[in-house]
Amino acid sequence: MTERSSRTALITGASRGLGLALARRLAGEGWSLLIDARGAEALEAARAELAKLSRVIAIPGDVTDEEHRRALERAAHEAGGLDALVNNASILGPSPQPQLLDYPLDTLEEVYRVNAIAPLALIQAVRRQLKPGARILNVTSDAGVEPYEGWGGYGSSKAALEQLSAILAAENPSLRVYWVDPGDMRTQMHQEAFPGEDISDRPLPEESVPGLLELLTGDLPGGRYEARALLRTNKG
Ligand SMILES: NC(=O)c1ccc[n+]([C@@H]2O[C@H](COP(=O)([O-])OP(=O)(O)OC[C@H]3O[C@@H](n4cnc5c(N)ncnc54)[C@H](OP(=O)(O)O)[C@@H]3O)[C@@H](O)[C@H]2O)c1
């Protein structure tokens, strides 16, 4: 039986998809949660569900908004600090995704703001709320390292997040920084990436959660991981 935890995690973008799947798992193991998303209605539905399992505070807002990040920081302080910050919230950009020569630059800026700058801004905002040994988990993508055609906007934003994570780790050996590719998952974002296609063969986000849990609760060194490969490695 898993021992119930008294740990606290801040998970961004936890109203659906991978964020919600991870929140469900952590709540089931007794973690207290601080969650956000822009859509207040879906976030409240997630909060109500998770509150049956554990203590949950939901703050609707946009991670690119400084005032929202301050509200998350205050809530983290009131919760007694954080054992984990999971930067999961992300946007794809236009659907279908344009090629780079046609990519609208104002949209590219927005994609960068959400996917690369906001995660760093949130780490900066909550840095004093990170307990000793706290984990920072930045959710990236294979599109951040592979030059897939049509993935130039989202992919380069995730490449920036990968390198921000790597340098943050190098500059702060006392912080445990992980950046992790969850793999393809059957979610709203994935459907937006493949409009009109049947994505029912993609694994559900729940299949990437055990790998994330290993990073949050195990003793792996900081660095880049693939969530589902991590699970296979552990099984031997
Ligand atoms: N799905 C895949 O195949 C795949 C593959 C590789 C990597 N990833 C990564 O995995 C993570 C989770 O993706 P997913 O597929 O679960 O996406 P998803 O289903 O679209 O969920 C994204 C979550 O983030 C929230 N969000 C988006 N923008 C936000 C903002 N500016 N501020 C606050 N919350 C925001 C969304 O709620 P609101 O829209 O209401 O704000 C939602 O709760 C992302 O980092 C994604 O890049 C996904």
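Q: How many bridges join E1 to strand E2, and are they parallel or antiparallel?
A: 4 bridges join E1 to E2 (residues 32–37), and the two strands run parallel. Two strands pair if DSSP finds at least two bridges between them. Strands (E, at least two residues) and helices (H or I, at least four) are DSSP runs, numbered from the N terminus.

Q: What sort of model is this?
A: This is a predicted model, where local features need pLDDT of at least 70 and side-chain atom pairs count only at pLDDT 80 or more, while totals for chains, interfaces and linings use all residues. Residues are numbered from 1 along each chain as its sequence is written, and side-chain values use heavy atoms, with hydrogens and water left out.

Q: Back to E1. Which residue in E2 is the bridge partner of Leu10?
A: Leu34.

Q: And what do E1, H1 and E2 make?
A: A right-handed β-α-β unit, with helix H1 covering residues 17–28. Right-handed here means that, with the strands pointing away from the viewer, the path from the first strand over the helix to the second runs clockwise.

Q: How many bridges join E1 to E4?
A: 3 bridges, to E4 (residues 82–87), again parallel. Ile11 has Val86 as its bridge partner in E4.

Q: Are the residues of E1 buried or exposed?
A: Thr8 and Leu10 on one side and Ala9 and Ile11 on the other are all buried, that is, under 20% relative accessible area (1.4 Å probe, protein chains only).

Q: Which polar side-chain atom lies 2.7 Å from a ligand oxygen?
A: One in Arg38. An N or O atom in the Lys158 side chain is 3.0 Å from an oxygen atom of the ligand. The protein covers 96% of the 890 Å² of accessible area that the ligand has on its own, by the Shrake-Rupley method with a 1.4 Å probe.

Q: Now Asn138. Where does it lie?
A: In strand E5 (residues 130–139). Asn138 is buried, with a relative accessible area of 1%.

Q: Which side chains does its side chain make a polar contact with?
A: The side chain of Asn87, at 2.9 Å, and that of Ser165, at 3.0 Å. A polar contact is a pair of N or O atoms within 3.5 Å; within protein, one must be able to donate a hydrogen and the other to accept it, and residues adjacent in sequence count only if both atoms are side-chain atoms.

Key
Buried means under 20% relative accessible area, exposed over 50%, partly exposed in between (1.4 Å probe, protein chains only).
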